[in-house]
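Hello,

Here is the structure I promised to pass on. Please open it first, then read my notes below.

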Amino acid sequence: MAETVMSSFDFPAYLTKARNRVEVALDAALGPERPNQLREAMRYSLLAGGKRLRPILCLSACELTGEDSEKAMSTAVAIEMIHTMSLIHDDLPAMDNDDLRRGRPTNHKVYGDAIAILAGDALLTRAFEMVSLRSPEVPVERLLKIIGELSLVAGAPGLVGGQVEDLECEGKEVDLDTLEFIHVHKTGALLKASVVCGALIGGAEEKLLAALRTYANSIGLAFQIIDDVLDVTSSSDVLGKTAGKDLIADKTTYPKLLGLDESRKKAKELIGKAKEAIKPWEGKASPLLALADYIVSRDR
Ligand code: GRG
(Lines give C-alpha, C1' and ligand atoms only; values in the text may rest on other atoms or scores of the structure.)
Protein backbone atom coordinates (compact mmCIF):
# COMPACT_ATOMS: atom_id res chain seq x y z
CA MET A 1 0.00 0.00 0.00
CA ALA A 2 2.75 2.43 0.99
CA GLU A 3 4.50 1.63 -2.32
CA THR A 4 1.35 2.58 -4.24
CA VAL A 5 1.09 5.92 -2.45
CA MET A 6 4.73 6.72 -3.19
CA SER A 7 4.63 5.76 -6.86
CA SER A 8 1.46 7.78 -7.52
CA PHE A 9 3.12 10.92 -6.22
CA ASP A 10 4.20 13.12 -9.14
CA PHE A 11 7.36 14.72 -7.75
CA PRO A 12 8.44 16.67 -10.87
CA ALA A 13 4.99 18.32 -11.01
CA TYR A 14 5.10 19.01 -7.26
CA LEU A 15 8.56 20.59 -7.53
CA THR A 16 7.62 22.80 -10.48
CA LYS A 17 4.45 24.03 -8.78
CA ALA A 18 6.22 24.70 -5.48
CA ARG A 19 9.08 26.53 -7.24
CA ASN A 20 6.63 28.71 -9.14
CA ARG A 21 4.77 29.61 -5.95
CA VAL A 22 8.08 30.51 -4.27
CA GLU A 23 9.22 32.64 -7.23
CA VAL A 24 5.99 34.67 -7.14
CA ALA A 25 6.26 35.16 -3.36
CA LEU A 26 9.93 36.20 -3.56
CA ASP A 27 9.14 38.78 -6.20
CA ALA A 28 6.27 40.17 -4.13
CA ALA A 29 8.40 40.31 -0.97
CA LEU A 30 10.75 42.93 -2.36
CA GLY A 31 9.21 46.37 -2.28
CA PRO A 32 10.19 49.70 -3.73
CA GLU A 33 13.52 49.90 -1.88
CA ARG A 34 15.44 53.12 -2.30
CA PRO A 35 17.83 54.06 -3.69
CA ASN A 36 17.46 52.18 -6.95
CA GLN A 37 20.88 50.60 -6.79
CA LEU A 38 20.02 48.82 -3.55
CA ARG A 39 16.71 47.65 -4.97
CA GLU A 40 18.41 46.27 -8.10
CA ALA A 41 21.18 44.54 -6.16
CA MET A 42 18.67 42.83 -3.84
CA ARG A 43 16.51 41.69 -6.75
CA TYR A 44 19.51 40.67 -8.83
CA SER A 45 20.55 37.91 -6.46
CA LEU A 46 17.23 36.94 -4.89
CA LEU A 47 15.45 36.52 -8.22
CA ALA A 48 18.35 34.83 -10.02
CA GLY A 49 16.83 31.35 -9.94
CA GLY A 50 18.42 28.75 -7.72
CA LYS A 51 16.83 25.46 -6.78
CA ARG A 52 14.69 26.99 -3.99
CA LEU A 53 15.22 23.84 -1.98
CA ARG A 54 15.03 25.53 1.43
CA PRO A 55 11.69 27.31 0.94
CA ILE A 56 10.24 24.17 -0.63
CA LEU A 57 11.37 22.09 2.36
CA CYS A 58 9.67 24.63 4.62
CA LEU A 59 6.38 24.45 2.68
CA SER A 60 6.49 20.63 2.52
CA ALA A 61 7.15 20.30 6.26
CA CYS A 62 4.20 22.58 6.95
CA GLU A 63 2.01 20.45 4.66
CA LEU A 64 3.02 17.35 6.56
CA THR A 65 1.42 18.79 9.69
CA GLY A 66 -1.86 19.11 7.77
CA GLU A 67 -1.71 22.92 7.71
CA ASP A 68 -2.15 25.01 4.55
CA SER A 69 1.41 25.64 3.33
CA GLU A 70 0.50 29.15 2.18
CA LYS A 71 0.76 30.10 5.86
CA ALA A 72 4.44 29.14 5.74
CA MET A 73 5.20 31.20 2.65
CA SER A 74 6.52 34.31 4.43
CA THR A 75 8.90 32.16 6.47
CA ALA A 76 9.91 30.20 3.34
CA VAL A 77 10.73 33.51 1.65
CA ALA A 78 12.64 34.68 4.73
CA ILE A 79 14.78 31.53 4.64
CA GLU A 80 15.58 32.01 0.95
CA MET A 81 16.56 35.61 1.76
CA ILE A 82 18.98 34.47 4.47
CA HIS A 83 20.38 31.84 2.09
CA THR A 84 20.82 34.38 -0.73
CA MET A 85 22.44 36.84 1.64
CA SER A 86 24.92 34.18 2.70
CA LEU A 87 25.75 33.43 -0.96
CA ILE A 88 26.35 37.13 -1.73
CA HIS A 89 28.70 37.50 1.25
CA ASP A 90 30.38 34.12 0.63
CA ASP A 91 31.30 35.24 -2.90
CA LEU A 92 32.99 38.47 -1.77
CA PRO A 93 36.74 38.89 -2.33
CA ALA A 94 37.32 38.76 1.44
CA MET A 95 35.65 35.32 1.56
CA ASP A 96 35.53 32.82 -1.34
CA ASN A 97 36.17 35.48 -3.99
CA ASP A 98 33.97 34.06 -6.71
CA ASP A 99 32.82 35.50 -10.04
CA LEU A 100 29.90 33.24 -10.90
CA ARG A 101 26.72 32.43 -8.98
CA ARG A 102 23.37 31.09 -10.16
CA GLY A 103 24.66 31.31 -13.72
CA ARG A 104 25.45 35.05 -13.54
CA PRO A 105 28.30 37.30 -12.41
CA THR A 106 28.32 37.53 -8.61
CA ASN A 107 26.62 40.48 -6.92
CA HIS A 108 29.84 42.35 -6.08
CA LYS A 109 31.08 41.95 -9.68
CA VAL A 110 28.03 43.89 -10.86
CA TYR A 111 27.38 46.34 -8.01
CA GLY A 112 30.75 46.55 -6.22
CA ASP A 113 31.72 45.23 -2.78
CA ALA A 114 30.00 47.94 -0.72
CA ILE A 115 26.58 47.55 -2.35
CA ALA A 116 26.88 43.74 -2.30
CA ILE A 117 27.52 43.82 1.47
CA LEU A 118 24.60 46.20 2.01
CA ALA A 119 22.23 44.28 -0.27
CA GLY A 120 23.07 41.19 1.81
CA ASP A 121 22.41 43.12 5.02
CA ALA A 122 19.08 44.35 3.66
CA LEU A 123 18.02 40.81 2.69
CA LEU A 124 18.98 39.46 6.11
CA THR A 125 16.96 42.11 7.94
CA ARG A 126 14.04 41.81 5.51
CA ALA A 127 13.96 38.11 6.38
CA PHE A 128 13.13 38.94 10.00
CA GLU A 129 10.56 41.48 8.81
CA MET A 130 8.89 38.74 6.72
CA VAL A 131 8.42 36.57 9.79
CA SER A 132 7.59 39.20 12.40
CA LEU A 133 5.50 41.69 10.40
CA ARG A 134 4.33 39.83 7.30
CA SER A 135 2.91 36.56 8.62
CA PRO A 136 -0.50 37.73 9.87
CA GLU A 137 -2.09 34.27 9.78
CA VAL A 138 0.41 32.59 12.10
CA PRO A 139 -0.01 32.76 15.91
CA VAL A 140 2.62 35.02 17.48
CA GLU A 141 3.96 32.29 19.82
CA ARG A 142 4.87 30.24 16.73
CA LEU A 143 6.42 33.26 15.02
CA LEU A 144 8.52 33.95 18.10
CA LYS A 145 9.89 30.37 18.00
CA ILE A 146 10.71 30.79 14.31
CA ILE A 147 12.50 34.08 14.93
CA GLY A 148 14.52 32.26 17.61
CA GLU A 149 15.40 29.39 15.25
CA LEU A 150 16.45 31.75 12.47
CA SER A 151 18.50 33.96 14.82
CA LEU A 152 20.49 30.93 15.96
CA VAL A 153 20.95 29.62 12.45
CA ALA A 154 22.12 32.89 10.91
CA GLY A 155 24.52 33.83 13.70
CA ALA A 156 27.59 32.49 15.44
CA PRO A 157 25.92 29.17 16.38
CA GLY A 158 25.13 28.57 12.68
CA LEU A 159 26.23 30.03 9.36
CA VAL A 160 28.67 32.62 10.69
CA GLY A 161 30.43 30.09 12.95
CA GLY A 162 30.65 27.56 10.11
CA GLN A 163 31.99 30.17 7.72
CA VAL A 164 34.70 31.32 10.13
CA GLU A 165 35.83 27.73 10.75
CA ASP A 166 35.86 27.14 6.99
CA LEU A 167 38.01 30.24 6.37
CA GLU A 168 40.41 29.26 9.14
CA CYS A 169 40.83 25.76 7.73
CA GLU A 170 41.74 26.82 4.18
CA GLY A 171 45.05 25.31 3.14
CA LYS A 172 45.32 23.25 6.36
CA GLU A 173 44.98 19.52 7.03
CA VAL A 174 41.43 19.02 8.27
CA ASP A 175 40.03 15.87 9.89
CA LEU A 176 36.55 14.42 9.34
CA ASP A 177 35.16 15.85 12.61
CA THR A 178 36.17 19.40 11.69
CA LEU A 179 34.85 18.98 8.16
CA GLU A 180 31.55 17.78 9.58
CA PHE A 181 31.45 20.79 11.94
CA ILE A 182 31.87 23.13 8.96
CA HIS A 183 29.22 21.37 6.88
CA VAL A 184 26.71 21.09 9.69
CA HIS A 185 27.00 24.81 10.50
CA LYS A 186 27.53 26.35 7.06
CA THR A 187 24.97 24.27 5.20
CA GLY A 188 23.09 21.82 7.40
CA ALA A 189 21.78 24.36 9.89
CA LEU A 190 19.70 26.38 7.43
CA LEU A 191 18.34 23.26 5.72
CA LYS A 192 17.35 21.95 9.14
CA ALA A 193 15.73 25.26 10.10
CA SER A 194 13.75 25.19 6.85
CA VAL A 195 12.13 21.91 7.85
CA VAL A 196 11.71 22.77 11.54
CA CYS A 197 10.20 26.20 10.87
CA GLY A 198 7.68 24.75 8.40
CA ALA A 199 6.66 22.20 11.02
CA LEU A 200 6.44 24.86 13.76
CA ILE A 201 4.08 26.97 11.65
CA GLY A 202 1.84 23.93 11.33
CA GLY A 203 1.97 23.38 15.10
CA ALA A 204 3.65 19.96 14.80
CA GLU A 205 3.48 17.79 17.91
CA GLU A 206 6.77 16.88 19.64
CA LYS A 207 6.99 13.36 18.14
CA LEU A 208 6.75 14.68 14.59
CA LEU A 209 9.15 17.54 15.35
CA ALA A 210 11.74 15.10 16.70
CA ALA A 211 11.40 12.90 13.59
CA LEU A 212 11.74 15.93 11.34
CA ARG A 213 14.86 17.07 13.20
CA THR A 214 16.46 13.67 12.53
CA TYR A 215 15.34 13.85 8.89
CA ALA A 216 16.71 17.38 8.53
CA ASN A 217 20.07 16.65 10.19
CA SER A 218 20.65 13.83 7.73
CA ILE A 219 19.55 15.59 4.56
CA GLY A 220 21.60 18.65 5.58
CA LEU A 221 24.86 16.75 5.73
CA ALA A 222 24.00 14.65 2.66
CA PHE A 223 23.29 17.83 0.71
CA GLN A 224 26.74 19.23 1.41
CA ILE A 225 28.49 15.92 0.67
CA ILE A 226 26.82 15.89 -2.76
CA ASP A 227 27.75 19.56 -3.17
CA ASP A 228 31.40 18.54 -2.63
CA VAL A 229 31.02 15.65 -5.11
CA LEU A 230 29.43 17.87 -7.77
CA ASP A 231 32.24 20.39 -7.35
CA VAL A 232 34.57 17.66 -8.65
CA THR A 233 32.35 15.88 -11.17
CA SER A 234 30.24 18.64 -12.73
CA SER A 235 30.86 21.77 -14.78
CA SER A 236 30.42 25.48 -14.10
CA ASP A 237 27.79 25.61 -16.86
CA VAL A 238 25.60 23.03 -15.17
CA LEU A 239 26.21 24.21 -11.60
CA GLY A 240 25.88 27.92 -12.36
CA LYS A 241 28.88 28.47 -10.06
CA THR A 242 32.58 27.83 -10.45
CA ALA A 243 33.23 24.07 -10.56
CA GLY A 244 36.51 22.74 -9.15
CA LYS A 245 36.63 25.63 -6.68
CA ASP A 246 37.38 23.46 -3.64
CA LEU A 247 40.54 22.14 -5.23
CA ILE A 248 41.69 25.60 -6.30
CA ALA A 249 41.06 26.99 -2.79
CA ASP A 250 42.76 23.90 -1.28
CA LYS A 251 39.69 23.05 0.77
CA THR A 252 39.18 19.78 2.54
CA THR A 253 36.06 18.06 1.24
CA TYR A 254 34.40 14.67 1.60
CA PRO A 255 35.79 13.43 -1.76
CA LYS A 256 39.28 14.53 -0.64
CA LEU A 257 39.01 12.61 2.65
CA LEU A 258 36.91 9.60 1.58
CA GLY A 259 37.06 9.47 -2.22
CA LEU A 260 34.10 9.94 -4.58
CA ASP A 261 32.50 6.51 -4.19
CA GLU A 262 32.63 6.50 -0.39
CA SER A 263 31.29 10.05 -0.31
CA ARG A 264 28.31 9.11 -2.48
CA LYS A 265 27.77 6.02 -0.31
CA LYS A 266 27.77 8.11 2.86
CA ALA A 267 25.29 10.58 1.35
CA LYS A 268 22.98 7.71 0.35
CA GLU A 269 23.18 6.22 3.84
CA LEU A 270 22.23 9.56 5.35
CA ILE A 271 19.27 9.85 2.98
CA GLY A 272 18.16 6.35 4.01
CA LYS A 273 18.32 7.45 7.65
CA ALA A 274 16.36 10.62 6.88
CA LYS A 275 13.59 8.72 5.11
CA GLU A 276 13.40 6.12 7.86
CA ALA A 277 12.77 8.85 10.45
CA ILE A 278 9.59 10.09 8.75
CA LYS A 279 8.34 6.72 7.53
CA PRO A 280 5.50 6.56 10.09
CA TRP A 281 3.94 9.57 8.28
CA GLU A 282 4.47 7.93 4.88
CA GLY A 283 1.21 8.95 3.16
CA LYS A 284 1.58 12.64 3.96
CA ALA A 285 5.37 12.64 3.78
CA SER A 286 5.66 11.87 0.05
CA PRO A 287 7.07 15.34 -0.79
CA LEU A 288 9.73 15.20 1.95
CA LEU A 289 10.64 11.61 1.02
CA ALA A 290 11.03 12.59 -2.63
CA LEU A 291 12.98 15.72 -1.71
CA ALA A 292 15.42 13.55 0.22
CA ASP A 293 16.02 11.41 -2.89
CA TYR A 294 16.36 14.52 -5.01
CA ILE A 295 19.18 15.78 -2.77
CA VAL A 296 21.40 12.85 -3.72
CA SER A 297 20.28 12.44 -7.33
CA ARG A 298 20.45 16.12 -8.36
CA ASP A 299 22.96 17.26 -10.98
CA ARG A 300 23.30 20.88 -9.80
C1 GRG B 1 23.82 34.60 7.55
C2 GRG B 1 24.63 36.50 9.01
C3 GRG B 1 24.93 35.50 7.98
C4 GRG B 1 26.19 35.44 7.48
C5 GRG B 1 26.63 34.54 6.39
C6 GRG B 1 28.98 33.97 4.27
C7 GRG B 1 28.39 33.20 5.39
C8 GRG B 1 28.00 33.93 6.62
C9 GRG B 1 28.19 31.85 5.32
C10 GRG B 1 28.42 31.04 4.11
C11 GRG B 1 27.30 30.05 3.96
C12 GRG B 1 27.37 29.32 2.64
C13 GRG B 1 27.50 30.10 1.39
C14 GRG B 1 27.27 27.99 2.64
C15 GRG B 1 27.24 27.15 1.42
C16 GRG B 1 25.91 26.47 1.36
C17 GRG B 1 25.62 25.89 0.00
C18 GRG B 1 25.98 24.48 -0.26
C19 GRG B 1 25.07 26.67 -0.94
C20 GRG B 1 24.58 26.20 -2.23
O21 GRG B 1 23.18 25.96 -2.06
P22 GRG B 1 22.25 25.56 -3.26
O23 GRG B 1 22.94 24.51 -4.08
O24 GRG B 1 22.22 26.90 -4.10
O25 GRG B 1 20.91 25.22 -2.73
P26 GRG B 1 21.03 27.51 -4.96
O27 GRG B 1 21.70 28.54 -5.82
O28 GRG B 1 20.40 26.41 -5.76
O29 GRG B 1 20.08 28.13 -3.99
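**What I found**

Ser263 counts as buried, because its relative accessibility is 0%, and the cut-off for buried is under 20%. Bear in mind that this is a predicted model.

Where does Ser263 lie? It is part of helix α15, which covers residues 260-277. Leaving out residues up to four places away in sequence, Ser263 touches Ile225, Val229, Tyr254, Pro255 and Leu258.

Next, a helix pair. Helix α11 runs over residues 206-233, and helix α16 over residues 286-297. Their axes come within 8 Å and cross at roughly 20°. Angles under 35 degrees count as roughly parallel, so α11 is roughly parallel to α16. The crossing of the two is left-handed.

Which residues meet there? From α11 come Leu212, Tyr215, Ile219, Ala222, Phe223 and Ile226. From α16 come Leu288, Leu291, Ala292, Ile295 and Val296. The contact of α11 with α16 has 11 nonpolar residues, no polar ones and no charged ones.

Last, helix α5, residues 73-90. It has 18 residues. From its first C-alpha to its last it reaches 25 Å. That is close to the 26 Å expected at 1.5 Å a residue. Is α5 mostly covered or mostly uncovered? Mostly covered: 17 of its 18 residues are buried.

Best wishes

Terms used. Residues are numbered from 1 along each chain as its sequence is written. This is a predicted model: local features need pLDDT of at least 70, side-chain atom pairs count only at pLDDT 80 or more; totals for chains, interfaces and linings use all residues. Side-chain values use heavy atoms; hydrogens and water are left out. Axes are lines fitted to C-alpha atoms, for helices over the stretch in contact, and angles run from 0 to 180 degrees between N-to-C directions. Helices (H or I, at least four residues) and strands (E, at least two) are DSSP runs, numbered from the N terminus. Angles under 35 degrees count as roughly parallel, over 145 as roughly antiparallel, 65 to 115 as roughly perpendicular and the rest as oblique. A crossing is left-handed if the near helix is turned anticlockwise from the far one by less than a right angle, and right-handed if clockwise. Contact means heavy atoms within 4.5 Å. Ala, Val, Leu, Ile, Met, Phe, Trp, Tyr, Cys and Pro count as nonpolar, Asp, Glu, Lys and Arg as charged, and the others, Gly among them, as polar. The expected span of a helix is 1.5 Å times one less than its number of residues. Buried means under 20% relative accessible area, exposed over 50%, partly exposed in between (1.4 Å probe, protein chains only).
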